[in-house]
Amino acid sequence: MRSLNSILDLGVDELDGLIATAKDIIAHPEAYWDRCAHKKLATLFFEPSTRTRLSFEAAMLELGGSVIGFSEASSSSASKGESVADTAKIVSCYADIIAMRHPKEGAPYVASQAASIPVINAGDGGHNHPTQTLADLLTISREMGRLSNLTIGLCGDLKFGRTVHSLVNALSRYDNLRFIFISPTELRVPDYITEMLREKNIPYEEVIRLEDKLPELDVLYMTRVQKERFFNEEDYVRLKDFYILTAKKMNLAPPDMLVLHPLPRVNEISVDVDDDPRAVYFKQAQYAVYVRMALILTLLNIHVD
Ligand code: NCD
């Protein structure tokens, strides 16, 4: 029995294997329709979600399985004081696999220690979001044709943006990557990330202005300022519109640069960018279903040819 807490729980071969399975699912969806017949996914969401929960649920339904769960802590026994560990033990009696999102960093890990079924971290506080990274990797691989030899700019809230932390950890294991971190000083990427890059001799820069770096990028990964992680409203209001990518700014970018965003967006990408063929964030949301299907099959040890 295996869980997914961090993207580092998966080796590069396993990441490549999940991406290959997801691509096979896209090519031959009918071959996967009943692979999870009589299996149940429990989605335990203690924090709001649209894409992650619904794409997990769509993934399990597409595999012929069923879904149970809750979408807010207030409708679970957490509101009566039940611990995450106890909830995980109980849900292990009812389901075959759990996808859990929680505002506390490490909560899905605690659940995985108590559960007798695999637990997938679907986002823990400002820490990690490994399955969003799987969707990001599939998007880059399908739309760019490679995961190595890339200059990737990550822009916005790099401090609290858990998708950024997981994505940098994943990409740092591919060859010839260069990272450009674009953020206001207050929202810089955590030191543990830059320390890891220095240890591995992976080049990175930290800058404030997006426009200066756009011409150099293969991939631009935009993020939302994470309002719910701020301690005071004033700081959020000051920083929330720091970056706004517009169609005009896209003229500075290379003709084949991809724009990704884990979504939801607030103001950081203007809607006039949506029709640009380089904007792949809606495709990215669709790819999330296929890669979550691949992950569910792998964690349930269901053989794929
Ligand atoms: C992200 C998250 O929850 O961290 N959303 C998602 O899962 N696609 C990004 C965000 O909320 O900004």
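Close-up 1. Strand E8 (residues 219-222) and strand E9 (residues 258-260) run parallel and are joined by three bridges; strands are DSSP runs of E with at least two residues, numbered from the N terminus, and two strands pair if DSSP finds at least two bridges between them. Leu 220 stands opposite Val 259 in E9. E8 also pairs with strand E5 (residues 150-155), again in the parallel sense, over four bridges, and Tyr 221 is the bridge partner of Leu 154. Val 219 and Tyr 221 on one side of E8, and Leu 220 and Met 222 on the other, are all buried (under 20% relative accessible area, 1.4 Å probe, protein chains only). The model is predicted: local features need pLDDT of at least 70, side-chain atom pairs count only at pLDDT 80 or more, and totals for chains, interfaces and linings use all residues. Residues are numbered from 1 along each chain as its sequence is written, and side-chain values use heavy atoms, with hydrogens and water left out.

**Close-up 2. The buried side of helix H4.** Helix H4 (residues 107-114) has Ala 107, Pro 108, Ala 111 and Ser 112 buried; helices are DSSP runs of H or I with at least four residues. These residues lie on the same side of H4, because they cover an arc of only 140° around the axis, taken from the directions from the helix axis to the C-beta atoms. Their cover includes helix H3 (84-92), strand E3 (97-102) and strand E4 (119-124), with contact meaning heavy atoms within 4.5 Å.

Methods
Buried < 20%, exposed > 50% of the residue type's maximum accessible area, 1.4 Å probe, protein only.
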